Amino acid sequence: LAWSPDILGTSPRRVFSTLAMASTFVLLYSPWPALKQMRKSGTAVGSKVGFIPLFAMLLNNTVGFTYGVVATNHEVMVVNGFGSILCLAYMLIYLRYSENRRKHVRCVIVFLMGLCALEYHLYSLEQETRVDLAGICNNVVYILMLSSPLSQACQVVKHRSTANASWALTLSCAANSFFWAAYAHIIDDWYLLFPPLLGMALAALQISLLVIFSKRCLGIHPKKEKEAVEMAPQGGGNKAKCSPSCCSKAASCTASVSNTRQSKNGNKPSSDKNGNLVATELV
């Protein structure tokens, strides 16, 4: 096959297409550990992966596969075809353990009907118009997918913590976007070049936030940060996150209330060596 990736080839197109495909396959594996944990627990509640990210991956791969077929780009066709099958399998696993199964199934059915309508409309157009419409749809879907990493970046800024961010995933996305951008530039495909350029810009923003709010820059011990961010109250069963500063203020208020109550009950506060108030009983 003339279009099959050749790692040992000297052509820049072969090199970057191989790297782009390999990095995409690695990223497609990322939801599997969370789904595997979901199968063990028997429920989708509390899972690290949700319906919207999986649905966005399925949408992106199927529309990308459509563009690969219309534009006769075999690299794009192979990657997105494999990704479509894998994401569909991910979706079926999630739907099995989802509590809102009916609602999610309806969304998937509507999506499949819309995809069939798009395919029918594309093949009723001329070749040039068909490629333009498929490329525009591919870019629109990719822009919608950027809502997930943008939301994560906003959470990092809001909580001033990188506890829920991943260096490995961010760098992998940056490398993947760079390889696809280089490949699209070589073959002079602007519809294929636009999405990875946006991905590179977003990856640069995420890396900057990870550097700015990293544990070393803030001087926070990793164990203390994790305990502060993931601290959950016992009552109600709902987990609540708080920042280290909020936790320290809450602890100070609790100590003050405790000392006041002890003073009313016949205890008097005293200070230890570090200047902290300690309640002692009156003899």
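**Close-up views of a predicted model**

Figure 1. Along the sequence, the elements follow the pattern α-α-α-α-α-α-α-α-α-α-α-α-β-β. The model is predicted. In total the protein has 12 helices and two strands. Of its 283 residues, 33% count as buried. The accessible surface of the protein comes to about 17,700 Å², and carbon and sulfur atoms make up 63% of that area. Among the contacts with a separation of 6 or more, 62% are between residues 24 or more positions apart.

**Figure 2. Helix H3 and the residue that follows.** Helix H3 covers residues 51–71, which is 21 residues. From the first C-alpha of H3 to its last, the helix reaches 30 Å. This span is close to the 30 Å expected at 1.5 Å a residue. Thr72 comes after H3 and has a positive phi, near 55°.

**Figure 3. The salt bridge between Arg13 and Glu75.** A search of the whole structure finds two salt bridges. In one of them, the side chains of Arg13 and Glu75 meet at 3.6 Å, N to O. The pair links distant parts of the chain, with Arg13 in helix H1 (residues 12–28) and Glu75 in helix H4 (residues 74–97). Arg13 and Glu75 are 62 residues apart.

**Figure 4. The salt bridge between Arg14 and Glu75.** Glu75 also forms a salt bridge with Arg14. Here the closest N and O atoms are 3.8 Å apart. This pair too links distant parts of the chain, Glu75 lying in helix H4 and Arg14 in helix H1, 61 residues apart.

**Figure 5. Exposure of two residues in the salt-bridge network.** Arg13, Arg14 and Glu75 are linked in a network of salt bridges. Is Glu75 buried or exposed? Glu75 counts as buried because its relative accessibility is 2%, and the cut-off for buried is under 20%. Arg13 has a relative accessible area of 33%. Arg13 is therefore partly exposed, as this class lies between the 20% limit for buried and the 50% limit for exposed.

Key. Residues are numbered from 1 along each chain as its sequence is written. This is a predicted model: local features need pLDDT of at least 70, side-chain atom pairs count only at pLDDT 80 or more; totals for chains, interfaces and linings use all residues. Side-chain values use heavy atoms; hydrogens and water are left out. Helices (H or I, at least four residues) and strands (E, at least two) are DSSP runs, numbered from the N terminus. The expected span of a helix is 1.5 Å times one less than its number of residues. A salt bridge is a side-chain nitrogen of Lys or Arg within 4 Å of a carboxyl oxygen of Asp or Glu. Buried means under 20% relative accessible area, exposed over 50%, partly exposed in between (1.4 Å probe, protein chains only). Contact means heavy atoms within 4.5 Å. Accessible areas come from the Shrake-Rupley method with a 1.4 Å probe; for residues, only the protein chains shown count as cover.
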